[in-house]
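Welcome! Here is a short tour of one protein model, taking in its pockets, a sheet and a pair of helices. Have the viewer open and follow along.

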Amino acid sequence: MIDLADPPPFFALRNVRAPACLVPDLDAPADPEGLLRLDIAIAHGAIGAVAPAGALDAAVPGPDLGGALVLPGLVDIHTHLDKGFIWPRAQNPDGRFESAIAAVSADRDVHWDADDLARRMTFGLRCAYAHGTVALRTHLDSIGPKTAIAWEVFAELRNTWADRIALQAVSLTPIDMVANEAAFAPALEAVRTHGGVLGATCRLPKNLDAGLARLFDAADRFGADLDFHVDETHDTDARALRRIAEVADERRFEGRILVGHCCALANQTADEIDRTLDIMARSRIGVVSLPMCNLYLQDRVAGRTPRWRGITLLHEMRARGIPVMVASDNARDPFYAYGDLDLVEVYRESSRIAHLDHPFGDWPRIVCEAPARHMGLRSLAAIRMAGPADLLLFKARSLNELMARPLAGRIVLRAGRAIDAAVPDYAELDDLWP
């Protein structure tokens with residue numbers, strides 16, 4: 001038996017299953033779950049061949065894995081590394097959105113120096129790496145004088161983690177603040193200096209048009225992409241999503257645009273939804289839903305059971321050709337008390353929450369190929385010849401088994417070699433708490 005922690009230069013993973021939507025080089029019939037049975041040859045850390053099960057040369061060493069499920073490396077396109085893992089010192093007293101904002105703001109003002117940020121952000125990256133993430137985009141609070149500190153820490157981490165996780169960052173500034181030139185200046189300078197993505201939060205804003213004009217102008221000037229938090233509310237009057245799409249369409253914006261959350265859309269009328277989705281499809285906007293975080297925050301009223309799930313219309317968007325994805329969002333902070341930057345958990349829970357099953361079809365793309373494509377990293381997150389042998393190998397033999405018994409064994413391969421997939425101990429951060 002080959003030791004996957006120390007494999008030979010050339011070997012094979014035989015008799016595995018993978019979603020057909022993530023195996024572009026193999027045209028073969030899929031089973032009812034959309035899985036292909038295949039052999040994967042690995043040569044010097046890259047995928048050397050992908051073939052139907054049993055088709056590889058028998059002389060190539062490698063185990064028969066009995067139909068074990070394999071996925072490519074995962075891509076987490078919406079996270080908040082700078083907020084991560086502050087729960088022990090910044091808890092949300094009632095689980096409400098407004099309380100989360102207040103708790104994070106107070107923690108940022110007091111604690112977010114370079115050392116605090118670097119340690120917590122590194123902890124988050126170690127979690128993501130252990131779970132099998134190969135690329136990650138983080139939003140960075142870009143408000144006032146601490147903006148430069150967060151971006152400098154990020155730039156250093158991007159360099160030190162370059163061989164493990166491809167990192168991107170987004171400036172996170174309230175759109176009303178973007179409308180103010182002086183208030184927006186720190187975020188703009190950080191993105192210009194460090195080559196990031198321009199972003200904003202749009203939750204029932206007062207100066208939406210002025211903020212969007214300034215943000216789109218800056219994106220055109222610097223050749224930057226855009227990434228928004230949009231309509232993260234149950235309020236049916238929230239219309240930022242449609243307005244962003246309209247502005248993108250009017251301007252013929254050539255960069256990539258991603259919108260996250262979009263919760264209010266699910267509460268609007270059918271006519272309102274159709275008008276919004278029509279303009280979104282024309283504008284080539286991608287959507288990332290954060291089902292676990294929004295399930296935690298939305299429709300939370302003390303003593304009352306929530307009435308809705310807080311997720312956007314993934315099925316309807318996909319039917320219009322709008323790219324859709326899901327991601328981790330927050331991890332152990334006031335916006336989401338749980339989470340561990342594990343995209344397998346995110347995919348599993350999203351499937352349950354949003355009914356991304358029966359059939360599973362090409363839904364596995366939403367944590368792999370779809371976010372990789374939007375981030376401009378098309379060489380990642382698929383099982384293709386000459387691509388990196390960054391794979392997740394499960395004891396589960398089907399998506400159903402993975403959903404039903406999620407804690408079953410997982411081996412993470414990077415460049416064809418099994419890594420130590422132990423997540424860091426929470427106790428490592430104990431000295432950061434009062």
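## The largest pocket

Sorted by class, the residues that line the largest pocket are 12 nonpolar, seven polar and eight charged. Please keep in mind throughout that this is a predicted model. The lining amounts to 27 residues, and those nearest the centre of the pocket are Phe97, Ile101, Pro174, Thr201 and Phe335. The space inside comes to about 520 Å³.

Which elements each supply at least two residues of this lining? They are helix H1 (97-111), helix H4 (175-178) and strand E8 (198-202). H1 gives the largest share, with five residues.

## The second largest pocket

Now turn to the second largest pocket, which holds about 330 Å³ of space. It is lined by 21 residues, and Arg284, Gly286, Pro323, Arg373 and His374 are the closest to its centre. Two or more lining residues come from each of helix H8 (270-283) and helix H12 (369-374).

H12 provides the largest share of this lining, three residues. By class, the lining of the second largest pocket splits into 10 nonpolar, four polar and seven charged residues.

## A three-stranded sheet

Next, have a look at the open sheet made by three strands, which run in the order E5-E6-E7 with parallel pairing. Strand E5 (74-79) and strand E7 (166-172) are the edge strands; each has a single partner strand, so one side of each has no neighbour in the sheet. From one strand to the next, the twist averages 15°.

How many bridges link strand E6 (residues 133-141) to E7? There are seven, and the two strands pair in the parallel sense.

## Two crossing helices

The last stop is a helix pair. Helix H2 (residues 114-131) and helix H3 (residues 147-160) have axes that come within 10 Å and cross at roughly 45°. Why do H2 and H3 count as oblique to each other? Angles under 35 degrees count as roughly parallel and 65 to 115 as roughly perpendicular, and the axes of H2 and H3 cross at roughly 45°, so the pair is oblique.

The crossing also has a hand: H2 passes H3 in a right-handed sense.

Methods: Residues are numbered from 1 along each chain as its sequence is written. This is a predicted model: local features need pLDDT of at least 70, side-chain atom pairs count only at pLDDT 80 or more; totals for chains, interfaces and linings use all residues. Side-chain values use heavy atoms; hydrogens and water are left out. Two strands pair if DSSP finds at least two bridges between them. Helices (H or I, at least four residues) and strands (E, at least two) are DSSP runs, numbered from the N terminus. Axes are lines fitted to C-alpha atoms, for helices over the stretch in contact, and angles run from 0 to 180 degrees between N-to-C directions. On a 1 Å grid over the protein atoms alone, a cavity is a set of points where a 1.4 Å probe fits but cannot get out, and a pocket is an open set with protein on both sides within 12 Å along at least five of seven lines; lining residues have an atom within 4 Å of a point. Grid points are joined across faces, edges and corners, and a volume is the space filled by probe spheres set on the points. Ala, Val, Leu, Ile, Met, Phe, Trp, Tyr, Cys and Pro count as nonpolar, Asp, Glu, Lys and Arg as charged, and the others, Gly among them, as polar. Angles under 35 degrees count as roughly parallel, over 145 as roughly antiparallel, 65 to 115 as roughly perpendicular and the rest as oblique. A crossing is left-handed if the near helix is turned anticlockwise from the far one by less than a right angle, and right-handed if clockwise.
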